[in-house]
Every structure is written in structure tokens, then in C-alpha cells.
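Dear colleague,

I am handing over the structure we spoke about, and my notes on what was found in it follow below. Please read them with the structure open beside you.

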Amino acid sequence: MGHGTFATAINCMDGRTQLPVIDYLKRRLGVDHVDMITEAGPVRALSENRDGDVLDSIRRRVLVSTGKHRSRHLAVVAHHDCAGNPVSEAEQLRQLARALEVLAAWGLGVELMGLWLDGDWRVTEVR
Ligand SMILES: [Zn+2]
């Protein structure tokens, strides 16, 4: 008996972002579950690519999801009104693009996706 299929999301800790991301990825990818790795405004640390402790922690959790759970899709999330990353939408979208480049360099062998959540918590795929 299997445990279902998984995707992975590096999401904000913001409670408003959890269900929209889970619902979107389940529908978009046809997976049963979404492993959620949360930080406060994760695209900031990922795009700066400096804080080794935070990045190592994220990477460890991604590897559990891609290893044990065989996830083949990794989404990174930025959103409107982020308390952990209080910069403009334009800047957040730049950080999101840079975060995807940093994650690509990790060589995880997964499909990467960038997601933006607007003020109505609608999900837009930005890459
Ligand atoms: Zn946030």
C-alpha cells in the first residue's frame, strides 16, 4: 500500500498562504499531498543566498520530501503583505526569480515553480 504522491513547497509561515498553495499544487500537479517547508518570507533568504543556517535547514527538509516522499516538484512562494519580507511586489518577484536560480543550482532533479499570491490569495504561476 502506497502513501500517495507528494509535491513540495517552500512557503511563507503566514497562515493565509497555506491552504491556497496546497489546493493549487494538488490541482495543478495531481498530487495527493504537499510537504510544506515554511519560513518567514523565504524568497528573501533564498535570493540573498547568504544565511547558511536557514538555507541548510530548508535543504534538509527538501531532501526528506524528494527522498522519502519521492516528490518531483518544488514550488517557491512569495505573497502580498508579507510581514517577514516587507518589500514591494516588484522586489518580491525579483527575489522569487533569483530564489529559483539558487534552487536550480542545488541540483535537486525536481521541476521548480514560482508562485505569487495576491491580495485575494489567488495563486499565479510566475515560472
Ligand atoms: Zn509572508
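Leaving aside neighbours within four places in sequence, Ala75 is in contact with Ala7, Ala9, Val21, Leu25, Met113 and Leu115, where contact means that the C-beta atoms of two residues, placed from the backbone, lie within 7 Å. Before going further, please keep in mind that this is a predicted model, in which local features need pLDDT of at least 70 and side-chain atom pairs count only at pLDDT 80 or more, while totals for chains, interfaces and linings use all residues. Residues are numbered from 1 along each chain as its sequence is written.

Of the 127 residues of the protein, 36% count as buried.

On the overall fold, the protein has 4 helices and 5 strands, these being DSSP runs numbered from the N terminus (H or I of at least four residues for helices, E of at least two for strands). From the N terminus on, the elements run β-α-β-α-α-β-α-β-β. The radius of gyration, taken over C-alpha atoms, is 13 Å, close to the 14 Å that the globule rule gives for 127 residues, so the protein is as compact as a globular protein of that length; the rule is 2.2 Å times the number of residues to the power 0.38.

The 5 strands form an open sheet in the order S2-S1-S3-S4-S5, with mixed pairing, where two strands pair if DSSP finds at least two bridges between them. The edge strands, each pairing on one side only, are S2 (33–39) and S5 (123–125). Strand S1 (residues 6–12) and strand S3 (residues 73–79) pair in the parallel sense over 3 bridges, and Thr8 has Leu74 in S3 as its bridge partner.

Finally, Ile22 lies in helix H1 (residues 18–29) and is partly exposed, with 17 other C-beta atoms within 10 Å. Ile22 and Met36 are 14 residues apart in sequence and 8.5 Å apart in space, C-alpha to C-alpha.

How values were computed. Buried ≥ 20, exposed ≤ 12 C-beta atoms within 10 Å, placed from the backbone.
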